[in-house]
Amino acid sequence: MSEKVILNGLQKGRREALGLLWQAHSSHVLNLAFRMLKDRDQAEDTLMDVFVQVPSAIQKFRGESSLGTWLFRLTVNACLMKLRAEKRHSELEDKNLETIVENAIGHGFEPEMPANFDPELLEKSLGELSAETRSMLWLKDAEDLDVKDLAEIYGMPEGTVKARLSRARHFVKDYIKEKLNHAKRN
């Protein structure tokens with residue numbers, strides 16, 4: 001069923017439209033929530049929270065992005081509220097490290113990945129980033145969203161998104177280089 005039909009059904013309050021939206025996007029919402037919160041139970045709670053919001057929030061949907069992008073924005077906001085309320089920032093990645101490595105530090109790292117590279121070092125560097133920045137990297141690198149979608153999700157200009165992604169990648173690269181150099185000296 002097309003996104004327009006689902007959107008129309010949602011705006012008219014049809015339960016079957018919410019079911020179709022669930023079928024199409026619930027796994028992506030759950031995955032993003034888990035990546036941000038690092039807790040399966042909280043991710044499932046967030047998934048439910050997001051879909052409970054949909055019937056009322058859909059009335060504010062302007063249609064400038066896809067429903068999937070809009071759901072990612074609701075998810076990011078819900079996760080950030082949970083993180084702020086708990087004052088807990090967790091590490092983002094335990095899977096798809098290869099994708100993050102390639103995109104976060106692969107560009108400009110010495111010709112190839114050092115033999116002594118430790119994936120835990122990447123996780124530690126990602127843990128130093130804010131939850132919002134970690135989620136932005138995840139959506140860009142692992143979910144392959146474009147900058148325009150990220151700008152919509154985070155409510156910021158595309159240039160700001162590009163700059164934050166660039167700064168985050170440089171931070172990760174520098175963090176890992178520093179730790180590897182420190183390990184060589186000791």
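The protein chain has 9 helices and 0 strands, where helices (H or I, at least four residues) and strands (E, at least two) are DSSP runs numbered from the N terminus. Read along the sequence, that gives α-α-α-α-α-α-α-α-α. This is a predicted model, so local features need pLDDT of at least 70 and side-chain atom pairs count only at pLDDT 80 or more, while totals for chains, interfaces and linings use all residues. Residues are numbered from 1 along each chain as its sequence is written, and side-chain values use heavy atoms, with hydrogens and water left out.

Of the 186 residues in the protein chain, 44% are buried; buried means under 20% relative accessible area, exposed over 50%, and partly exposed in between (1.4 Å probe, protein chains only). As for contacts (heavy atoms within 4.5 Å), 72% of those between residues at least 6 apart in sequence join residues at least 24 apart.

Now for helix 1, residues 3-11. Its buried residues include Ile6, Leu7, Gly9 and Leu10. They sit on the same side of helix 1, because they cover an arc of only 165° around the axis, the arc being that of the directions from the helix axis to the C-beta atoms. An α-helix has 3.6 residues a turn, so residues three or four places apart point the same way. After helix 1 comes Gly13, with a positive phi near 80°.

Helix 1 packs against helix 2 at an angle of about 135°, and their axes are 7 Å apart. Here, axes are lines fitted to C-alpha atoms, for helices over the stretch in contact, and angles run from 0 to 180 degrees between N-to-C directions. That makes helix 1 oblique to helix 2; under 35 degrees counts as roughly parallel, over 145 as roughly antiparallel, 65 to 115 as roughly perpendicular and the rest as oblique. Helix 1 brings Ile6, Gly9 and Leu10 to the contact, and helix 2 brings Ala17, Leu18, Leu20 and Leu21.

Leaving aside neighbours within four places in sequence, Ser65 is in contact with Glu3, Trp70 and Glu152. Lys38 has a phi near 55°, a positive value in a residue other than glycine.
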